[in-house]
Amino acid sequence: MKTRDRILQVSLLLFNEEGEAPQTAVDISNALDISPGNLYYHFKGKDAIIRALFGAFEDEMRVILRGSKGGVNSIEDNWVYLYIILEEIYDFRFFYRDLGVLLERYPDLAVRFRALVSEKRQTITRVLEDLTESDVLRLDPRLKTALTDQIMMTVTFWLANDSIGTTHHDGPALIHKTVFQVMCLIVPYMGEAGFGALTHMIKHYEAVMD
């Protein structure tokens, strides 16, 4: 692996596991067992590393968001697609755990993050419309914005919510829990099929979390 890629990989691990704020460029170079000068050759400090990591996250997330077009036509599809989105966020979870602080510190990233959030909102809206057109959902158009807002809040602040709770979950368990929470927001719009879908989701959720 190239030194630049190793720097990004180890930095991401440190930021995710120990938080971004306590880490310095020297901490990162020590974790890599390279000199600070070698790190500086590739990245002019921690800020440059954070921007590179955000760029990687941004690119990967856009591929996922744009890949949903016409591909989510059932509740099962929606469950899997939500898992993929949350899994990607979890891989770069330090951004979301310190979201307010990071966006204030990096105004340029704040602009890009808001653009990504806007695209995420468009994707959620499109998925809801596709499920409605497929007769999976019976969603009154007047409620579409409110439901989208609820889903957006859940998929944006799930990591922060877990960090302030009394019970913490590992990655897969937390992702499954959050997918289940989002699906519960959708169930009331499933009509008669909602009860059966909810029963199936609860059984699946309990099996995963057991």
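A residue is called buried under 20% relative accessible area, exposed over 50% and partly exposed in between, using a 1.4 Å probe and protein chains only. With that in hand, Glu-87 counts as partly exposed, because its relative accessibility is 36%. This is a predicted model, in which local features need pLDDT of at least 70, side-chain atom pairs count only at pLDDT 80 or more, and totals for chains, interfaces and linings use all residues. Residues are numbered from 1 along each chain as its sequence is written, and side-chain values use heavy atoms, with hydrogens and water left out.

**Overall build**

- The protein chain contains 11 helices and 0 strands, where helices (H or I, at least four residues) and strands (E, at least two) are DSSP runs numbered from the N terminus.
- Along the sequence, the pattern reads α-α-α-α-α-α-α-α-α-α-α.
- The protein chain has 210 residues, and 47% of them count as buried.
- Take the contacts (heavy atoms within 4.5 Å) between residues at least 6 apart in sequence: 73% of these join residues at least 24 apart.

**Surface and charge**

**The negative patch**

- Asp-59, Glu-60, Glu-87 and Asp-91 form a negative surface patch.
- Helix H4 (46–66) and helix H5 (75–91) are the elements that give two or more residues to this negative patch.
- Patches take residues with over 30% relative accessible area and no salt bridge, joining like charges within 9 Å and nonpolar side chains (Val, Leu, Ile, Met, Phe, Trp, Tyr) within 5 Å.
- A salt bridge here is a side-chain nitrogen of Lys or Arg within 4 Å of a carboxyl oxygen of Asp or Glu.
- Glu-87, one of the patch residues, sits in helix H5.

- Ser-29 lies in helix H2 (residues 25–32) and is buried, because its relative accessible area is 0%.
- Beyond its neighbours within four places in sequence, Ser-29 touches Ile-34, Ser-35, Pro-36 and Leu-39.
- Val-182 is 153 residues from Ser-29 along the chain, and their C-alpha atoms are separated by 40 Å.
- Asn-38 belongs to helix H3 (residues 36–42) and is partly exposed, at 29% relative accessibility.
- From Asn-38 to Ala-173 there are 135 residues in sequence and 38 Å in space, C-alpha to C-alpha.

**Positive phi outside glycine**

- Asp-33 is not a glycine, yet it has a positive phi of about 60°.
- Asp-33 is placed in the loop between H2 and H3, and it counts as exposed because its relative accessibility is 70%.
- Asp-135 is likewise not a glycine and has a positive phi of about 65°.
- The loop between helix H8 (107–133) and helix H9 (144–164) holds Asp-135, which is exposed at 68% relative accessibility.

Technical notes
Accessible areas come from the Shrake-Rupley method with a 1.4 Å probe; for residues, only the protein chains shown count as cover. Lys and Arg count as positive and Asp and Glu as negative; His and the chain ends are not counted. The place of a charge is taken as NZ of Lys, CZ of Arg, CG of Asp or CD of Glu.
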